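Thanks for coming, everyone. Let me put the model on the screen, and then I'll walk through it.

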Amino acid sequence: TNTQESSASGNNAPTLLVNNPSKWQSWWVRVRLSVVMIVGFGVIIWIGHWGLIGLLLGLQIFGYRELYNIRSISLFGQTDKQKAKLPYSSPWLDILFFFTFQYFF
């Protein structure tokens, strides 16, 4: 058949990775990300207990903000600029939602 002839003639033959420049680009990306992960782990160990607590609190605050934005957009179809007009949106209720989020997550 035609597919067997074309693969036998070398048209559909796979290229070798020895001379493929994207292989070396991929290798450099892997090396860089490996170094970043190792250094990141070292930084997490270096910052200690209080730094780790602060890092986790910051991540939880950003997670709460994202959930709050999703809630305001999905329930009311409003963006951040129109947040003052949201029903059931007071600073104390937002604090209550935040600590509820902290407790369960």
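Start with helix 3, residues 91-104. It has 14 residues and reaches 20 Å from first C-alpha to last, close to the 20 Å expected at 1.5 Å a residue. The expected span is 1.5 Å times one less than the number of residues. Helices here are DSSP runs of H or I with at least four residues, strands are E runs of at least two, and both are numbered from the N terminus.

A word on provenance. This is a predicted model, where local features need pLDDT of at least 70, side-chain atom pairs count only at pLDDT 80 or more, and totals for chains, interfaces and linings use all residues. Residues are numbered from 1 along each chain as its sequence is written, and side-chain values use heavy atoms, with hydrogens and water left out.

Back to helix 3. Which of its residues are buried? F98, F101 and Q102. Buried means under 20% relative accessible area, exposed over 50%, partly exposed in between, with a 1.4 Å probe and protein chains only. Down the axis of helix 3, the buried residues fall within an arc of 100 degrees, so they line one face. That arc is taken over the directions from the helix axis to the C-beta atoms. The face turned away from the buried side carries exposed W92, L96, F99, Y103 and F104.

Now the whole chain. It has three helices and zero strands. The order from the N terminus is α-α-α. Of the 105 residues, 9% are buried. The accessible surface is about 9300 Å², with 70% belonging to carbon and sulfur atoms. Those areas come from Shrake-Rupley with a 1.4 Å probe; for residues, only the protein chains shown count as cover.

Contacts next, meaning heavy atoms within 4.5 Å. Take those between residues at least 6 apart in sequence: 50% join residues at least 24 apart.

Last, the surface patch. V35, V39, V43, I44, W46, I47, L52, L55, L56 and L59 make a nonpolar patch of about 920 Å². Two of its members, I44 and I47, deserve a look. I47 lies in helix 2, residues 21-76. It counts as partly exposed because its relative accessibility is 30%. I44 is also placed in helix 2. At 37% relative accessibility, I44 counts as partly exposed too. I44 and L55 are eleven residues apart along the chain, and their C-alpha atoms are separated by 9.0 Å.

How values were computed. Patch = residues over 30% accessible without salt bridge, like charges linked within 9 Å, V, L, I, M, F, W, Y side chains within 5 Å. Salt bridge = Lys/Arg side-chain N within 4 Å of Asp/Glu carboxyl O.
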